Amino acid sequence: MRIGELARRTGVSERSLRYYEKQGMLTSERTPGGHREYPESAVDRVIRIQELFAAGLSSKKIAQMLPCMRDADGGPSEIATPRLIADLVEERARIDRMINDLLRSREVLDEVIATASHDLPRPATGTAAREP
């Protein structure tokens with residue numbers, strides 16, 4: 001498939017797909033006319049890349065990881081290096097810290113909302129509260 005179709009099917013811009021290729025996260029063949037041609041498995045690969053970006057990993061780390069992961073098509077998986085495993089464990093710990101920080105922030109916000117809602121003027125008895 002051409003780059004435009006891959007972009008359409010994954011919701012990722014053509015510019016991003018070219019970047020993924022430059023970073024070694026995605027590969028394509030070239031037609032005699034110089035157009036990129038991607039295999040069907042590229043759809044799953046791009047989705048996996050997007051998931052890893054969403055988890056907060058850098059493109060460098062993703063490029064290191066991808067050969068160690070199986071794509072949905074069951075593509076080959078290489079053995080991960082001990083250094084990569086250590087880096088991934090560190091990334092997971094970073095994500096756990098972020099989750100805990102977000103949970104604490106939500107608790108503070110809940111307290112502020114509860115306090116603020118107690119300070120709001122109450123409607124007079126017998127009148128219905130109106131929506132703005």
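The following is a conversation about a predicted model, going from the whole fold down to single residues.

Colleague: What secondary structure does the protein have, and in which pattern?

Modeller: There are five helices and two strands. Along the sequence they follow the pattern α-α-β-β-α-α-α. Buried residues make up 25% of the 132 residues. The accessible surface comes to about 9,700 Å², and 55% of that belongs to carbon and sulfur atoms.

Colleague: Which residues touch the most other members of the largest nonpolar core?

Modeller: They are L6, L17, Y20, L26 and Y38, in a core of 21 residues. The elements that give two or more residues to this core are α1 (3-10), α2 (14-22), α3 (41-54) and α4 (59-65). The largest share, five residues, comes from α3. As a general point, nonpolar side chains in soluble globular proteins tend to be buried together.

Colleague: What is L26 in contact with, leaving aside its neighbours within four places in sequence?

Modeller: L26 is in contact with L6, L17, Y20, E21, Y38, A42, R45 and V46.

Colleague: What makes the pair of Y19 and Y20 edge-to-face?

Modeller: Two numbers are needed, since a pair of aromatic rings is described by the distance of the centres and the angle of the planes. The ring centres of Y19 and Y20 are 6.5 Å apart, and a pair must have its centres within 6.5 Å, so the two rings count as a pair. Their planes stand at 65 degrees, and edge-to-face needs over 60, so the pair is edge-to-face. A search of the whole structure finds two aromatic pairs. Y19, Y20 and F53 form one aromatic cluster.

Colleague: How do you know that the length of α3 agrees with its number of residues?

Modeller: The expected span is 1.5 Å times one less than the number of residues. For the 14 residues of α3 that gives 20 Å, and the end C-alpha atoms are 20 Å apart, so the two values agree.

Colleague: Which residues of α3 are buried, and what covers them?

Modeller: A42, V43, R45, V46, I49 and L52 are buried in α3. The cover over the buried residues of α3 includes α1, α2 and α4.

Colleague: Where is G56, and what is its phi?

Modeller: G56 is in the loop between α3 and α4. Just after α3, G56 takes a positive phi of about 95 degrees.

Colleague: Why does G56 count as partly exposed?

Modeller: The relative accessibility of G56 is 40%, which lies between 20% and 50%, so G56 counts as partly exposed. Leaving aside neighbours within four places in sequence, G56 is in contact with E91 and R94. The C-alpha atoms of G56 and R92 are separated by 9.7 Å, although these residues are 36 residues apart along the chain.

Colleague: Why is D87 called buried?

Modeller: D87 has a relative accessible area of 10%, which is under 20%, so D87 is buried. The place of D87 is in helix α5 (residues 82-118).

Colleague: What makes the pair of D87 and K61 a polar contact?

Modeller: The two side chains make this contact at 2.7 Å. The limit for a pair of N or O atoms is within 3.5 Å, so the distance between D87 and K61 meets it.

Definitions and conventions:
Residues numbered from 1 in each chain as written. Predicted model: local features only at pLDDT ≥ 70, side-chain atom pairs only at ≥ 80, totals over all residues. Heavy atoms only, no water. Helix = DSSP H or I, 4+ residues; strand = E, 2+ residues; numbered from the N terminus. Buried < 20%, exposed > 50% of the residue type's maximum accessible area, 1.4 Å probe, protein only. Polar contact = N/O pair within 3.5 Å; in protein donor to acceptor, adjacent residues only side chain to side chain. Core = buried A, V, L, I, M, F, W, Y, C linked by side-chain atoms within 4.5 Å. Contact = heavy atoms within 4.5 Å. Phe/Tyr/Trp six-rings, centres within 6.5 Å; stacked < 30°, edge-to-face > 60°. Areas by Shrake-Rupley, 256 points an atom, 1.4 Å probe, with all protein chains shown as cover.
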